[in-house]
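Let's take a walk through this one together. Have the chain in view and follow along.

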Amino acid sequence: YTSFGELCDTHCMEQDEYYCHPGSGNSLQPCRRLQCGPGQIRCRRPPANEPPRGPKDPRTFFLARGGESCDDACGAAGTVCENDLVQEAALSPAHCKDILEHLGKSVHLGGLYEDDNSGCTYYPDEPGWYQLFKRDGQALCSERNADLNRQRVCACQSLREERHFDDLVNL
C-alpha cells in the first residue's frame, strides 16, 4: 500500500472491497492520514516475508527513567550496562525508532541530535519522539540527558556474566 510513493502500514478500504486508499485528514505526511470515511475500515499491510530488521533481541532493551544513565538503571537492578547493545540501539534514527516500536511506544517524529551522547531515546510528548543523541559519534552508558522526561534505551548484563568475561580476558 503506497501513498505518494511512501509505503504505508495501514490504509482505508470499503467493506468487501479490495481497493485500499491512504485515508483523509490534516496531515501532510501521506501515511499519517488516519481518518477513514463512513462505511470504511482500516486495513493493515500483511507482514513481509523478509528477515526482521532491528536489534539482535528487542526484549533485551528497556527504557530507563528520565534523567537516568544506563549505568544508573542497570546498577539499580544489580547489573551492568551492556555497551555493545547500547551502541547497537544508536546505529541510526531508523534503528532507534524500530527498537522503541518493539518496546510498544508509538513514535512519529524524530531524528539525529548532537546535544550529548545518550544514544537512542524516547520522548513521550505528543506525538511521541524517537531521538538519537550522538555528539561524539558513540552512545555512552554513563551519559545522562538533561531533559528529565526523555528516557534512554538501555540494555544490561548480569554482573556474573561481566566477571566471567573479565576472567577470560585476564587469562
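Which residue does a disulfide join to Cys 74? In this predicted model, the partner is Cys 156, with an S to S distance of 1.9 Å. Cys 74 sits in helix α1 and Cys 156 in strand β11, so the link brings together distant parts of the chain, 82 residues apart. The torsion about their S-S bond is about -85 degrees, which means the disulfide is left-handed. Cys 74 is buried, at a relative accessible area of 0%, while Cys 156 is partly exposed at 27%.

That's one of 4 disulfides in the structure. Another pairs Cys 81 with Cys 141, their sulfur atoms 2.0 Å apart, and this link is left-handed too, with -70 degrees about the S-S bond. Cys 81 belongs to strand β7 and Cys 141 to the loop between β10 and β11, so parts 60 residues apart in sequence get tied together. Then there's Cys 96 with Cys 120, at 2.1 Å from S to S. Here the torsion is about 80 degrees, so the disulfide is right-handed. Cys 96 is in helix α3 and Cys 120 in strand β9, and both are buried.

Cys 120 also leads us to the largest nonpolar core, which has 24 residues; Cys 120 is among those with the most contacts inside it, along with Phe 61, Leu 100 and Val 153. Elements supplying at least two residues each include α1, α3, β9 and β11. Val 153 touches Phe 61, Leu 100 and Cys 120, among others.

Last stop: Arg 150, in the loop between β10 and β11. Arg 150 is buried, with a relative accessible area of 12%, and its side chain makes a polar contact with the side chain of Asn 145 (2.8 Å).

Key. Residues numbered from 1 in each chain as written. Predicted model: local features only at pLDDT ≥ 70, side-chain atom pairs only at ≥ 80, totals over all residues. Heavy atoms only, no water. Helix = DSSP H or I, 4+ residues; strand = E, 2+ residues; numbered from the N terminus. Buried < 20%, exposed > 50% of the residue type's maximum accessible area, 1.4 Å probe, protein only. Polar contact = N/O pair within 3.5 Å; in protein donor to acceptor, adjacent residues only side chain to side chain. Core = buried A, V, L, I, M, F, W, Y, C linked by side-chain atoms within 4.5 Å. Contact = heavy atoms within 4.5 Å. Disulfide = S-S within 2.5 Å. Lists of a residue's contacts leave out its neighbours within four places in sequence.
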